[in-house]
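Subject: Structure handover and notes

Dear colleague,

Here is the structure I promised to pass on to you. Please keep it open while you read the notes below it.

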4 protein chains.
Amino acid sequence: MVREYPLQERIKLDKMEEECGVFGVYSSTKKYNVANLTYLGLHALQHRGQESAGICVNNDGQFNLHKGMGLVTNVFDEDKLKSLDGKIGIGHVRYSTTGSSLLANAQPILTNSIKGDLAIAHNGNLINGAEMRLNLERQGSIFHSTLDTEVLAHLVARSFKDNIIEAFTHSLQQIKGAFSIVAMTKDSLIAARDPHGFRPLSLGKLGDSYIVASESCALDIIGATLIREIEPGEMLIINEEGIKSSYYSERKPYNFCIFEFIYFARPDSVIGGQNVHLARQELGRQLAREMDVEADMVVPVPSSGISAALGFAQESGLPYQKGILRNRYVGRTFIQPTQEIRDLKVRIKLNPIRDIIKGKKIVLIDDSIVRGTTSKRIIRMVREAGAKEVHLAISSPPVIDSCYYGLDTSRRKELIATQKSVEEIADYIGADSLTYLSKEGLLDSIQANGYGFCTACFDGNYPIGKGTDKLAIENR
Amino acid sequence: MVREYPLQERIKLDKMEEECGVFGVYSSTKKYNVANLTYLGLHALQHRGQESAGICVNNDGQFNLHKGMGLVTNVFDEDKLKSLDGKIGIGHVRYSTTGSSLLANAQPILTNSIKGDLAIAHNGNLINGAEMRLNLERQGSIFHSTLDTEVLAHLVARSFKDNIIEAFTHSLQQIKGAFSIVAMTKDSLIAARDPHGFRPLSLGKLGDSYIVASESCALDIIGATLIREIEPGEMLIINEEGIKSSYYSERKPYNFCIFEFIYFARPDSVIGGQNVHLARQELGRQLAREMDVEADMVVPVPSSGISAALGFAQESGLPYQKGILRNRYVGRTFIQPTQEIRDLKVRIKLNPIRDIIKGKKIVLIDDSIVRGTTSKRIIRMVREAGAKEVHLAISSPPVIDSCYYGLDTSRRKELIATQKSVEEIADYIGADSLTYLSKEGLLDSIQANGYGFCTACFDGNYPIGKGTDKLAIENR
Amino acid sequence: MVREYPLQERIKLDKMEEECGVFGVYSSTKKYNVANLTYLGLHALQHRGQESAGICVNNDGQFNLHKGMGLVTNVFDEDKLKSLDGKIGIGHVRYSTTGSSLLANAQPILTNSIKGDLAIAHNGNLINGAEMRLNLERQGSIFHSTLDTEVLAHLVARSFKDNIIEAFTHSLQQIKGAFSIVAMTKDSLIAARDPHGFRPLSLGKLGDSYIVASESCALDIIGATLIREIEPGEMLIINEEGIKSSYYSERKPYNFCIFEFIYFARPDSVIGGQNVHLARQELGRQLAREMDVEADMVVPVPSSGISAALGFAQESGLPYQKGILRNRYVGRTFIQPTQEIRDLKVRIKLNPIRDIIKGKKIVLIDDSIVRGTTSKRIIRMVREAGAKEVHLAISSPPVIDSCYYGLDTSRRKELIATQKSVEEIADYIGADSLTYLSKEGLLDSIQANGYGFCTACFDGNYPIGKGTDKLAIENR
Amino acid sequence: MVREYPLQERIKLDKMEEECGVFGVYSSTKKYNVANLTYLGLHALQHRGQESAGICVNNDGQFNLHKGMGLVTNVFDEDKLKSLDGKIGIGHVRYSTTGSSLLANAQPILTNSIKGDLAIAHNGNLINGAEMRLNLERQGSIFHSTLDTEVLAHLVARSFKDNIIEAFTHSLQQIKGAFSIVAMTKDSLIAARDPHGFRPLSLGKLGDSYIVASESCALDIIGATLIREIEPGEMLIINEEGIKSSYYSERKPYNFCIFEFIYFARPDSVIGGQNVHLARQELGRQLAREMDVEADMVVPVPSSGISAALGFAQESGLPYQKGILRNRYVGRTFIQPTQEIRDLKVRIKLNPIRDIIKGKKIVLIDDSIVRGTTSKRIIRMVREAGAKEVHLAISSPPVIDSCYYGLDTSRRKELIATQKSVEEIADYIGADSLTYLSKEGLLDSIQANGYGFCTACFDGNYPIGKGTDKLAIENR
């Protein structure tokens with residue numbers, strides 16, 4: 001609708017991307033500064049979204065919201081944090097595809113309706129979002145963003161239930177898809193997870209305060225203790241009367257996104273009792289078991305391949321070598337240089353250490369291949385640095401289908417593994433050999449208590465279907 | 001809802017204030033740059049609102065909107081104007097009371113609904129706005145501003161008429177109050193005026209382009225010709241098929257806001273065939289006829305009293321003297337100095353010329369008195385500059401009631417003329433005498449063809465009642 | 001040196017322009033907030049320069065400076081003023097020609113040298129500036145601006161006198177030209193005026209504080225009392241020991257810039273005991289005496305012609321009419337619209353009132369003609385509004401030579417009166433007749449005690465020569 | 001002099017910090033975009049300074065400079081880079097101590113003097129800077145920054161040599177200390193290194209362009225080839241006539257800063273033929289040889305301890321474990337949260353992985369200890385995560401003296417190793433044991449061709465004395 005003008009772009013390697021991270025806090029005595037805790041929590045969740053950030057705080061019914069494009073540290077300064085005073089707060093970081101990278105799409109969203117003020121932050125994707133939206137528009141609703149979150153807000157506004165909590169519960173029952181939601185009314189913090197538990201959501205405690213966060217690393221940074229995860233189909237209401245759990249829906253078996261373990265979640269987070277780094281290290285060990293290769297060393301593509309490479313080295317007995325360096329000042333917007341420097345996109349982030357690689361047979365470890373373009377560039381760069389052989393080992397199976405549950409995969413036809421065999425991919429990216437981890441190896445390696453997984457991107461089995469969203473329709 | 005942080009405030013003398021100015025242009029061949037014309041037009045209408053400005057342009061259905069707080073020249077720069085390309089454009093300047101001086105309340109507003117994209121800019125006030133809004137919220141509508149304009153947008157979105165023009169017509173029939181509206185769909189420019197014609201709205205032509213503007217001075221600046229005024233109850237649709245007039249409502253007798261002639265409208269504008277400066281000069285002549293005073297000279301309070309003072313001097317034969325100077329760099333935000341300099345608020349804008357005033361009996365001319373605080377300060381300042389006698393003459397009757405049709409008067413009880421007699425006011429403000437123009441003198445002086453007037457602020461006769469708005473309720 | 005990027009330009013009518021305004025305050029007890037007083041004072045001097053503004057405050061030897069491009073109200077906000085704490089302050093507003101409109105050239109300038117911290121603000125022009133600068137550069141000085149003021153700072157730094165006040169005095173003796181200077185050391189406020197008194201400089205008092213300002217209107221705004229003017233060749237040192245006057249140079253006869261009375265100074269200022277507005281009114285009276293014309297009315301070009309037009313009307317008996325309106329929101333940057341609207345440059349500022357002008361013979365009054373382009377546009381605009389005859393009367397003689405003493409006149413060859421006779425000018429600008437005030441009439445009308453005048457722009461008699469500056473060289 | 005207002009501060013762990021990085025490019029045919037190459041080069045050198053960045057480009061004598069506070073990616077956007085057109089460019093990134101973190105101190109500096117325009121960027125510290133500066137001020141020079149670089153500019157301006165290159169050479173002979181300098185006249189790129197080669201400086205080639213950069217990683221990012229290093233005492237002049245080498249001073253034996261190998265330089269850079277990562281790995285191996293400890297695993301403090309930890313693990317046979325995670329979005333300004341969360345400063349950057357550490361005896365590897373405060377916090381954090389024993393091993397000797405050659409060490413008395421024995425330090429920081437690498441072990445491990453080292457911070461042997469700088473005086 002309204003155009004925006006991105007002068008700079010982020011230099012991204014070819015990865016699947018998480019859509020969002022959410023955080024909420026209720027501090028009845030205001031012992032802790034709610035805005036500060038949320039700021040810190042969002043900082044710890046920054047890897048889940050770097051394009052916009054927002055915090056909404058509620059001071060006895062007075063809602064104050066600030067959001068902006070960019071990293072948490074860019075969007076907030078001391079004055080802005082100081083202006084956000086209250087005892088309930090929610091926050092959000094967002095990754096988004098280029099087309100809809102608008103401030104209007106930043107979260108939390110704050111709406112005023114007959115039910116009262118309501119702020120919502122959401123991680124996930126509704127598979128009936130487009131349908132619900134059209135339906136609401138047909139009834140005369142006016143939308144201000146392209147967010148699924150706004151659908152939920154309209155459902156609450158139109159609910160026949162007068163009480164806002166009941167209206168919220170009622171609205172949750174109408175949406176389908178993957179969602180971990182934190183929301184805030186004038187007196188309550190709400191947390192809810194979809195019936196299949198696609199996306200993570202944890203509950204913690206810090207003194208008298210309750211915290212809800214996408215990952216446990218956001219509890220660690222503020223010194224909070226992890227209590228448990230929100231269950232699939234569960235909704236928590238936290239207010240002056242304490243914390244109240246209920247199930248707005250029948251609890252379905254877990255279909256947790258396995259890519260959280262492979263790539264998205266932070267290595268120091270714990271999900272289902274399983275530390276993420278150790279899970280990835282185990283994927284590397286399993287990969288070593290499944291692969292038969294003669295080489296001089298194991299080299300990770302930093303930082304996504306480090307954990308698996310350590311496991312691979314431990315299991316295979318090959319030395320682990322830091323053969324590629326990652327510039328730690330990347331990860332933000334970068335001006336696309338105008339001139340043609342070959343492989344520049346990769347070089348801005350990565351640089352090989354020639355004296356390690358030269359003349360060596362290396363096993364290069366990464367977590368996944370999406371379109372193959374970055375793998376191709378990295379392998380070329382490593383060869384130019386003198387590598388004798390490059391064997392690429394991937395700590396997950398081939399990605400063959402799109403995600404409809406909150407990840408930004410490319411379209412199905414852009415996924416290299418839907419177009420080529422493993423040999424053809426190896427050939428295309430210039431590897432001497434290419435090995436993927438088996439699906440069985442993947443599932444056996446992760447020990448999350450009581451968790452089942454969504455592996456749709458590896459096998460096309462969508463636990464709740466693809467829905468009616470634009471991507472789903474385009475991919476048909 | 002969302003707080004904002006005004007660091008600076010405008011130094012205002014105690015005046016009634018216009019709420020808004022509107023402008024629209026349709027250039028079928030794009031011979032003229034629609035954004036540039038709107039920018040110029042808004043500049044000419046800047047006196048009608050200095051707190052926010054916005055332009056929305058439509059390029060074959062692609063709507064681009066930019067708005068911001070401040071003057072037109074602050075909100076727009078070359079890049080922003082360049083980014084607004086299209087053949088239809090509407091613009092808005094807004095004055096607002098401090099409480100709601102938010103970007104969210106800037107206009108035009110742009111909404112996307114099942115009826116299509118719609119941009120609206122509005123000058124006036126709906127007397128059933130609060131009621132309509134509550135009604136819509138009860139049906140589940142979510143509002144993003146506190147603007148009456150958004151009520152209209154929701155009515156269009158919810159109309160049972162499928163066609164957006166029909167839905168717009170239908171919605172106009174539901175709102176009551178004072179309004180001059182320009183709106184834009186993907187292919188049409190719409191202009192509409194309330195059935196009583198409270199606020200001005202003119203139609204002009206520049207080459208192949210049609211222009212709609214609050215005042216004719218906005219036509220002059222771009223070299224356009226004034227065709228006529230939009231009639232009360234009339235709606236114009238301008239698109240590829242040309243210009244089409246219809247009446248969405250029965251045309252009522254004109255109740256044009258007489259304060260436009262007394263103070264708001266620009267002196268070079270023409271309304272109902274009457275030039276505004278000449279009307280004010282005639283008010284001054286009439287005032288001289290009604291007043292009996294012996295004095296050395298006539299001195300206007302600049303700039304509001306200049307036209308009437310010229311007329312007063314002509315009629316009375318007293319010399320017209322520029323005894324007070326107005327700093328021409330005021331009229332924007334100004335930091336309120338922290339220390340106490342007596343009468344500083346007035347001195348930042350006005351400075352007496354001592355050598356003219358000293359030892360003289362002066363007739364001081366202004367257009368109106370609202371709360372009396374500024375008149376008091378000006379008279380004190382003039383006395384300190386040595387004036388022997390100060391006779392204040394006002395070119396309109398005492399303001400005794402609030403406006404519900406689009407002006408920002410103070411609340412009824414803050415109006416000095418509701419609390420004190422003319423003698424008491426003279427005493428309070430420190431004048432040797434105080435003379436108001438009679439209501440009859442006022443009405444006789446203005447020669448606008450076919451026009452009747454709303455004089456509610458002088459006599460409490462509200463042509464369509466006070467309505468259910470917050471101010472109306474507070475004043476009960 | 002360093003480029004800047006002006007996206008917008010100021011819409012200027014064709015006028016001579018003042019280079020600068022200066023202001024200084026010393027408040028020994030800090031009873032008054034020095035930064036606030038300076039802010040207000042600069043606001044009152046805004047007409048002397050609108051391109052940059054700056055304030056430097058000294059808190060017990062800790063100098064704080066803030067300056068920026070734009071109007072005083074744009075450059076300063078509450079936080080910035082608060083950060084400027086101290087008991088001595090100086091400020092500056094600057095007009096500059098396009099080429100050197102850089103932040104590096106904004107004043108005051110603050111330099112640290114072996115003599116201590118020194119802040120300087122300067123109004124005027126040194127005729128030996130270029131020569132001195134080259135000399136200093138030859139000795140190894142590095143300049144950071146193209147300002148004459150920096151020459152003075154380098155002279156102080158290099159002076160053989162150890163004491164900074166003595167070094168300053170010594171440096172003043174080396175510079176030649178027109179200058180009114182305020183400066184500040186760690187403990188003293190300094191004010192100095194060139195030996196011929198080309199540019200104005202007044203001394204005032206507010207409670208325990210001393211004020212120095214370019215014009216008395218800057219004393220009025222803060223409620224200060226005018227004590228006297230700084231004398232030609234005089235230097236004041238104001239510090240804990242009180243105020244000390246000395247003459248760094250022999251006092252020469254006054255050669256005060258007569259254009260201050262004609263156009264630059266604010267009408268409410270008093271110079272040499274003469275109020276500026278009354279002086280201009282007298283010029284108008286004299287012009288009426290010198291001119292023989294039959295007409296229906298007198299119309300000023302606002303705002304420069306208003307005072308003279310009032311005098312003309314009084315003397316001639318013709319009615320004074322407000323036939324042209326000035327948009328009071330101009331006077332700042334304005335985006336140059338891209339399309340060709342005839343006479344747009346004038347129309348953005350001025351609009352005729354057709355109903356006054358139509359069919360009438362008018363005497364149009366302005367203060368001066370520089371290149372003639374604007375007069376031509378105004379006359380065309382007035383004729384298009386229906387004027388039957390347009391007789392242009394100018395309240396000063398023809399400008400036939402450039403100024404080397406601090407005004408931005410165009411180059412000599414661009415001055416229309418050096419190229420054409422009065423008849424040819426009338427023809428070029430499209431006037432039915434053109435009358436200039438005689439030089440004698442001009443000099444007779446202004447009653448400033450003890451003042452003589454520089455009239456070089458009217459007669460080429462330069463009291464101290466043209467000097468070696470770039471403009472002087474180009475004009476040879 | 002002029003205050004600035006830092007609202008945010010950087011969360012820093014307790015490290016010695018490099019002062020600066022420099023970059024220069026000469027592209028005779030303009031085949032490459034000089035500003036883009038410099039932008040990329042500075043990005044690769046970002047680890048050498050994160051507080052300000054600047055680029056100056058020279059287009060046939062027209063110098064354009066842009067600099068600002070913050071990271072390279074924050075200071076420059078597409079418009080700013082586009083505005084920097086030319087065939088010679090130099091750039092700079094700067095770290096600075098809080099007190100002087102001013103824009104005025106950002107580099108490159110650009111000066112105009114009788115010798116012509118000259119831009120300079122400098123890495124290092126002059127030990128006779130304060131003395132030279134005082135001397136120049138006594139001769140009347142005015143300084144605009146507190147940079148040593150400006151001393152050099154004034155020397156050039158005042159040199160008795162007329163030719164700017166000769167004046168530059170002459171000036172280099174007058175300064176003493178550590179410096180790697182790139183400079184630019186209207187037609188030449190200059191590179192110079194101090195006679196002892198304290199700080200690094202490399203020469204590279206990309207097509208027809210010559211590149212000079214602090215480290216070889218800045219050549220890698222743009223695909224340039226490393227030719228050689230600039231020699232101690234050498235000056236290069238690169239212009240249309242090609243590249244010309246000369247020695248402005250007798251070449252002294254190398255006293256290269258050994259801390260570049262220990263901590264500052266990027267692991268992928270090559271200095272004296274030695275890859276930095278491999279050097280650090282070798283330090284870890286040597287540390288393992290020198291240390292006698294029984295433990296379960298080796299854990300690096302990321303990222304400074306990673307390379308040494310890998311070497312330590314290889315030599316000791318203990319498993320290398322990623323027991324602490326570093327948040328990769330840190331490294332920029334961060335709002336200091338107001339409430340007291342214990343060890344928050346460390347937690348914002350680092351988080352332990354409990355499931356790895358719990359119940360284990362760990363060897364924790366870091367590169368150095370400065371004040372000990374961060375080590376103390378990290379060890380506490382690791383213990384709270386359940387570590388059974390924590391043995392801290394440092395891959396360099398105790399830091400016992402300040403640096404006067406361009407590093408920001410704390411003052412001597414703040415260095416923990418000057419105050420306490422190794423056992424006392426272990427006790428203070430809470431380690432079960434503490435082992436430093438021996439100085440001999442350090443020197444034996446680094447194989448840089450023909451290099452000798454400055455080890456003053458470890459042994460107090462200052463190759464050229466401490467000089468007369470403020471720090472030197474304070475530390476006496």
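For chain A the mean pLDDT is 90, and 91% of the residues of chain A reach 70 or more. Residues 1-10 of chain A, however, have a pLDDT below 50, although this stretch makes 23 contacts in the model beyond near neighbours in sequence. Where pLDDT is low, the predicted coordinates should not be read in detail.

Chain A is assigned two domains, domain 1 covering 14-252 and domain 2 made up of 276-327, 345-446 and 467-475. The C-alpha centres of these two domains of chain A are 34 Å apart, and the contact between them draws 21 residues from domain 1 and 15 residues from domain 2. On the side of domain 1 that touches domain 2, strand S2 (17-18), strand S8 (116-126), helix H4 (129-138) and strand S9 (177-184) of chain A each give two or more residues, and by class that side holds 6 nonpolar, 7 polar and 8 charged residues.

Turning to annotated positions, the unreviewed UniProt entry places an "active site" feature at A:Cys20, a residue that lies in strand S3 (residues 20-27) of chain A. A:Cys20 counts as buried because 26 other C-beta atoms lie within 10 Å, where 20 or more are needed. Setting aside residues up to four places away in sequence, A:Cys20 touches A:Arg48, A:Gly49, A:His92, A:Val93, A:Arg94, A:Tyr95, A:His122 and A:Asn123.

The unreviewed UniProt entry also places a "binding site" feature at A:Ser304, A:Asp366 and A:Asp367; these positions are spread over 64 residues of sequence, yet they cluster in space, with a largest C-alpha distance of 6.2 Å. A:Asp366 lies in strand S23 (residues 361-366) of chain A, whereas A:Asp367 is in the loop between S23 and helix H13 (373-384) of chain A. A:Asp366 is buried, with 23 C-beta neighbours inside 10 Å, and A:Asp367 is buried with 26. Apart from neighbours within four places in sequence, the contacts of A:Asp366 include A:Ser304, A:Gly305 and A:Ile394, while A:Asp367 has among its contacts A:Ser304, A:Gly305, A:Ile394 and A:Tyr263.

In chain C, C:Gln50 sits in the loop between helix H1 (34-44) and strand S4 (52-59) and is buried, with 23 C-beta neighbours inside 10 Å. Beyond its neighbours within four places in sequence, C:Gln50 is in contact with C:Leu71 and C:Tyr95.

As for the assembly, chain D and chain C each contribute 22 residues to their contact. Strand S5 (62-69), strand S7 (109-113), helix H4 (129-138) and helix H5 (148-158) of chain D each supply at least two residues of the side of chain D that touches chain C, and that side divides into 10 nonpolar, 8 polar and 4 charged residues. By contrast, no contact joins chain A and chain C, whose closest C-alpha atoms are 12 Å apart, and chain B and chain D do not touch, with their nearest C-alpha atoms 12 Å apart.

With best wishes

Definitions and conventions: Residues numbered from 1 in each chain as written. Chains lettered and ligands numbered in written order. Predicted model: local features only at pLDDT ≥ 70, side-chain atom pairs only at ≥ 80, totals over all residues. Contact = placed C-beta atoms within 7 Å. Helix = DSSP H or I, 4+ residues; strand = E, 2+ residues; numbered from the N terminus. Nonpolar A, V, L, I, M, F, W, Y, C, P; charged D, E, K, R; others polar. UniProt positions renumbered as here; feature names shortened; annotations may be inferred. Buried ≥ 20, exposed ≤ 12 C-beta atoms within 10 Å, placed from the backbone. pLDDT = per-residue confidence, 0-100. Domains from an automatic or database assignment.
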